[in-house]
Amino acid sequence: MNSQSNRTAGRFATTRWSMVTQFAATQSSTASDALGELAQRYRYPIYIYIRRCGHPPAAAEEIARRFLRQLLGEVSQEVPSRHLRSYLLQRLHAFLASGRHENGGDDGVAEHELMPPELEARYQKEHNDALSPDQTYQRGFALQVLRRTLRRLRSEARQTGHLSMYDALEPFLARDPGPGEYEQAASLLRSRPLTLVVALKRLRQRFRELGAEELTDTVTTAEDLASEQEELLRVLGELKT
């Protein structure tokens, strides 16, 4: 294996999803801890899938909580599929089909199991009645990756003292500025349009890097990362239609 191959393999050796797949069969807490962190990150697509299946908010919150508890309790019983996105949906299908979400009472809710209250507000703002539950989940997963990426990008801008420039350029991450928009932003920032052209190019590059980092934590190989990036772009592209 050459040095480039070693670097590529090393990049994926310590992702959270690789830790899940490596340690799931050994009943190690490493797998459960890694999956738990990922599941907490991606509660939104889980919750909105359940909502799209017809469950009201309170019931969806309870079902999601039970699902996550079972998910972490049974992580050592099987070798997970290759990406987090497909794994969570497969397990969610099985959980709902089993009817186990209809059984059991509230045996005490740990703080980390609570569904954030903003999930329902996001669902109401972002959901599309024309989409199936599976499509809603895929769209929600992509939106969560995007949300986490933008949050990190904005945090970096704040730390480096460029928050005003970020806020002015963020609308142009997914589209080119129209006539006069560079000039308008430059005027507000007391800068030159050419400065903003260069800044936007760098911002878009960093956006791609951070998005790749988010997805890297959910896969185990470079091939799977490329596949997940393609899927993310496809879903986000559909948001514009």
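Leaving aside neighbours within four places in sequence, Gln-138 is in contact (heavy atoms within 4.5 Å) with Arg-85, Leu-89, Glu-231 and Val-235. The model is predicted, so that local features need pLDDT of at least 70 and side-chain atom pairs count only at pLDDT 80 or more, while totals for chains, interfaces and linings use all residues. Residues are numbered from 1 along each chain as its sequence is written, and side-chain values use heavy atoms, with hydrogens and water left out.

Gln-138 is placed in helix H8; helices (H or I, at least four residues) and strands (E, at least two) are DSSP runs, numbered from the N terminus. With a relative accessibility of 18%, Gln-138 counts as buried. Here buried means under 20% relative accessible area, exposed over 50%, and partly exposed in between, with a 1.4 Å probe and protein chains only. Arg-85, a contact partner of Gln-138, belongs to helix H6 (residues 84-98). Arg-85 is buried as well, its relative accessible area being 12%. The side chains of Arg-85 and Gln-138 are joined by a polar contact of 2.9 Å, and a polar contact of 2.5 Å links the side chain of Arg-85 to that of Glu-228. A polar contact is a pair of N or O atoms within 3.5 Å; within protein, one must be able to donate a hydrogen and the other to accept it, and residues adjacent in sequence count only if both atoms are side-chain atoms. Not counting residues up to four places away in sequence, Arg-85 touches Tyr-137, Gln-138, Phe-141, Glu-228 and Glu-231.

The protein chain holds twelve helices and zero strands. Of its 241 residues, 41% are buried. Among contacts in the chain with a separation of 6 or more, 72% are between residues 24 or more positions apart.

The largest nonpolar core has 38 residues, of which Ile-46, Ile-50, Leu-71 and Leu-84 touch the most other members. A nonpolar core is a set of buried Ala, Val, Leu, Ile, Met, Phe, Trp, Tyr and Cys residues joined through side-chain atoms within 4.5 Å. At least two residues of this core come from each of helix H2 (16-23), helix H3 (29-41), helix H4 (43-52), helix H5 (57-73), H6, helix H7 (118-126), helix H8 (133-159) and helix H12 (222-239). H6 supplies the largest share, seven residues. Apart from neighbours within four places in sequence, Ile-46 is in contact with Ala-64, Phe-67, Leu-68, Leu-88, Leu-92 and Tyr-137. Another core, of 15 residues, lies apart from the largest one and includes Leu-169, Tyr-182, Leu-203 and Leu-210.

Pro-133 also lies in helix H8 and, at 24% relative accessibility, counts as partly exposed. Pro-133 and Tyr-49 are 84 residues apart along the chain, yet their C-alpha atoms are separated by 5.2 Å. Beyond four places in sequence, Pro-133 touches Tyr-49, Arg-52 and Cys-53. Ala-186, in helix H10 (residues 181-189), counts as buried at 2% relative accessibility. Its contacts, leaving aside neighbours within four places in sequence, are with Ser-191, Arg-192, Pro-193 and Leu-196. The C-alpha atoms of Ala-186 and Ala-168, which are 18 residues apart in sequence, lie 8.9 Å apart.

Pockets were also examined. On a 1 Å grid over the protein atoms alone, a cavity is a set of points where a 1.4 Å probe fits but cannot get out, and a pocket is an open set with protein on both sides within 12 Å along at least five of seven lines; lining residues have an atom within 4 Å of a point. Grid points are joined across faces, edges and corners, and a volume is the space filled by probe spheres set on the points. The largest pocket contains about 830 Å³ of space. Its lining consists of 26 residues, with Leu-146, Leu-150, Ala-174, Phe-207 and Leu-236 nearest the centre. H7, H8, helix H11 (193-216) and H12 each give at least two residues to this lining. The lining of the largest pocket divides into 14 nonpolar, four polar and eight charged residues; Ala, Val, Leu, Ile, Met, Phe, Trp, Tyr, Cys and Pro count as nonpolar, Asp, Glu, Lys and Arg as charged, and the others, Gly among them, as polar.

The second largest pocket contains about 240 Å³ of space. Residues lining this pocket include Leu-153, His-162, Leu-169 and Arg-206. H8, helix H9 (163-169) and H11 each give two or more residues to the lining, and H11 gives the most, with four.
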